[in-house]
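This briefing is written to be read beside the sequence and the structure, moving from one part of the fold to the next. Please keep both in view as you read.

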There are 2 protein chains.
Amino acid sequence: MVEKIVTDLEIIRIKDNRRSKEEDQVVAEMPLTLFVNGKGFITLLCSPAKLKCLAIGFLYSEGLLKTSADILNIRVDLERNAVFVETALEAGRVEKLSAQRTITSGGGKGMVFFNVLDSLQGKPVESSLKISVPKLLQLMAALQKRALLHKATGGVHSSALADREGILFYSEDIGRHNAVDKIVGECILKNISVGNKILLTSGRLTSEIVVKASKLRLPFLVSRSAPTSLGVRLAAEMGITLVGFVRGGRLNIYTHEFRVN
Amino acid sequence: MVEKIVTDLEIIRIKDNRRSKEEDQVVAEMPLTLFVNGKGFITLLCSPAKLKCLAIGFLYSEGLLKTSADILNIRVDLERNAVFVETALEAGRVEKLSAQRTITSGGGKGMVFFNVLDSLQGKPVESSLKISVPKLLQLMAALQKRALLHKATGGVHSSALADREGILFYSEDIGRHNAVDKIVGECILKNISVGNKILLTSGRLTSEIVVKASKLRLPFLVSRSAPTSLGVRLAAEMGITLVGFVRGGRLNIYTHEFRVN
């Protein structure tokens with residue numbers, strides 16, 4: 001199954017009490033199975049774009065990959081809806097992570113939640129990055145300008161890596177976590193140093209998104225949506241600046257205000 | 001950790017270039033570990049409300065529970081952020097499902113995606129339920145009226161079971177899937193016959209949401225948001241009426257129009 005980012009279909013539209021048959025577009029959703037060293041690891045449901053970045057970002061967020069040096073080969077097989085990742089890791093480690101996921105896999109993507117909290121403890125992200133309010137508003141406006149797929153279909157989240165000059169790269173996906181994992185994967189694949197970078201997202205700032213940023217050692221998270229209590233708590237503990245509700249010239253700073261000048 | 005549905009905290013608000021320290025509320029997020037017959041099964045990240053419904057709805061959606069008769073006991077332990085479910089299932093079945101999840105667990109919640117597709121195949125939902133356009137608009141308006149938490153925090157999804165007379169019960173959660181699982185769980189716990197019911201949701205109609213409705217044999221899914229291509233395809237195959245973008249007197253019918261009169 002190969003799909004486009006949007007799928008054309010015929011729908012019934014009801015407007016002002018009139019019923020009409022019309023051509024419409026909905027956002028494409030596909031299952032994508034990640035194979036690690038030849039073995040099925042997980043099936044994600046995602047938008048059919050940047051599948052290599054998604055695979056690598058997901059495996060990094062899960063703790064399976066530590067650096068791009070762990071990756072020996074990546075092959076996308078669109079006929080089989082699969083990405084095959086060959087890693088330098090011993091089989092034991094892959095199986096151990098598989099087994100752990102079964103026990104306490106969490107919210108979005110089977111994350112080993114308590115293990116992650118443990119692994120993060122005591123190592124806050126350090127960065128001297130500072131950015132002004134007008135620049136933050138500009139960056140979020142640039143994200144929205146890029147979000148053409150959302151405009152067409154109303155069905156995706158967008159995310160981007162930015163520095164103070166603007167957006168470096170952009171992703172979108174039906175899944176809030178996937179859109180962020182695509183950015184994480186692109187950072188790994190391109191060996192980007194993220195200590196002075198900003199992650200922009202259209203989605204809510206839940207604990208899992210903050211954990212992804214923490215693992216990458218990324219100091220700044222910005223969203224046009226709301227954070228959650230656990231997202232704020234983790235960002236506070238992890239030294240990450242959390243900015244939400246960036247809309248119409250306004251924004252809220254939840255943690256580590258010193259980076260907003 | 002016991003949390004309220006919203007958490008009060010102090011934030012920095014920037015508006016019209018003025019920076020002020022203010023009291024604000026963010027939606028609470030908590031980890032919740034489900035234990036099945038004494039063994040840890042998964043940790044979900046969720047809103048602290050209707051935790052029994054969430055646990056049962058999740059385990060039903062995963063295929064672990066088939067009817068309320070499978071449930072021997074449910075105990076919520078807020079000190080340990082846990083729900084303990086005792087079931088009549090033999091240990092082998094629980095372990096088999098745990099193991100399967102490791103291999104092809106999908107998008108939202110570790111669902112065995114291809115197995116689910118297989119298990120659904122060839123058994124479309126049958127229902128003679130019909131509902132008028134004005135009634136659909138009323139139901140979605142009622143859902144939005146109930147969504148007070150969203151208004152306060154901007155951070156949750158809402159979902160409800162309804163019949164043609166109105167909303168029967170309501171849920172909200174930081175997770176789109178969790179909000180629906182809470183409704184699924186309440187249906188199981190109350191032995192509700194859903195053949196003539198409607199599931200309302202604020203969230204997008206992705207494949208996983210349609211799969212949850214299919215498993216419950218629920219014929220009608222309505223959202224104010226967008227569907228995805230796979231959501232539409234599954235609903236078409238499974239005999240489920242899918243209605244999206246219910247907003248401002250308009251709506252789109254994607255599948256099985258005959259139930260909208």
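Which residue just after helix 7 of chain A takes a positive phi? In this predicted model, that residue is A:Arg217, with a phi of about 65°.

**Helix 7 of chain A and A:Val210**

- Helix 7 of chain A, which covers residues 207-216, is mostly covered, since ten of its ten residues are buried.
- The buried residues of helix 7 of chain A include A:Ser207, A:Glu208, A:Lys212 and A:Lys215, as well as A:Ile209, A:Val211 and A:Leu216.
- A:Val210 has its place in this helix, and it counts as buried because its relative accessibility is 1%, where the cut-off for buried is under 20%.
- Leaving aside residues up to four places away in sequence, A:Val210 touches A:Leu221, A:Gly231, A:Leu234, A:Ala235, A:Ile240 and A:Leu242.
- A:Met140 lies 70 residues from A:Val210 along the chain, and the C-alpha atoms of these two residues are separated by 18 Å.

**A sheet built from both chains**

- Strands of a sheet pair through backbone hydrogen bonds, and the pairing can be either parallel or antiparallel.
- Eight strands form an open sheet with mixed pairing, in the order 8(A)-7(A)-9(A)-10(A)-11(A)-12(A)-1(B)-2(B).
- Within chain B, strand 1 pairs with strand 2 (residues 18-27) in the antiparallel sense over ten bridges; B:Ile11 stands opposite B:Glu22, and B:Leu9 stands opposite B:Asp24.
- The hairpin of these two strands of chain B has two residues between the strands, and in this hairpin B:Asp16 takes a positive phi near 50°.

**Helices lying across the strands**

- Helix 6 of chain A (residues 176-189) lies across strands 7, 8 and 9 of chain A, and runs at about 135° to strand 8 of chain A.
- Helix 8 of chain A (residues 229-238) lies across strands 11 and 12 of chain A together with strands 1 and 2 of chain B, and runs at about 60° to strand 12 of chain A.

**Helices of chain B**

- Helix 8 of chain B is largely enclosed by the rest of the structure, because seven of its ten residues are buried; among them are B:Leu230, B:Val232, B:Leu234 and B:Met238.
- Just after helix 8 of chain B comes B:Gly239, which takes a positive phi of about 75°.
- Helix 6 and helix 7 of chain B pack at an angle of about 5°, with their axes 10 Å apart, and they are therefore roughly parallel to each other.
- Where these two helices meet, the residues from helix 6 of chain B include B:His177, B:Val180, B:Val184 and B:Ile188, while those from helix 7 of chain B are B:Glu208, B:Ile209, B:Lys212 and B:Leu216.
- The residues of this contact divide into six nonpolar, one polar and four charged.

Terms used:
Residues are numbered from 1 along each chain as its sequence is written. Chains are lettered from A and ligands numbered from 1 in the order in which they are written. This is a predicted model: local features need pLDDT of at least 70, side-chain atom pairs count only at pLDDT 80 or more; totals for chains, interfaces and linings use all residues. Side-chain values use heavy atoms; hydrogens and water are left out. Helices (H or I, at least four residues) and strands (E, at least two) are DSSP runs, numbered from the N terminus. Buried means under 20% relative accessible area, exposed over 50%, partly exposed in between (1.4 Å probe, protein chains only). Contact means heavy atoms within 4.5 Å. Two strands pair if DSSP finds at least two bridges between them. Axes are lines fitted to C-alpha atoms, for helices over the stretch in contact, and angles run from 0 to 180 degrees between N-to-C directions. Angles under 35 degrees count as roughly parallel, over 145 as roughly antiparallel, 65 to 115 as roughly perpendicular and the rest as oblique. Ala, Val, Leu, Ile, Met, Phe, Trp, Tyr, Cys and Pro count as nonpolar, Asp, Glu, Lys and Arg as charged, and the others, Gly among them, as polar.
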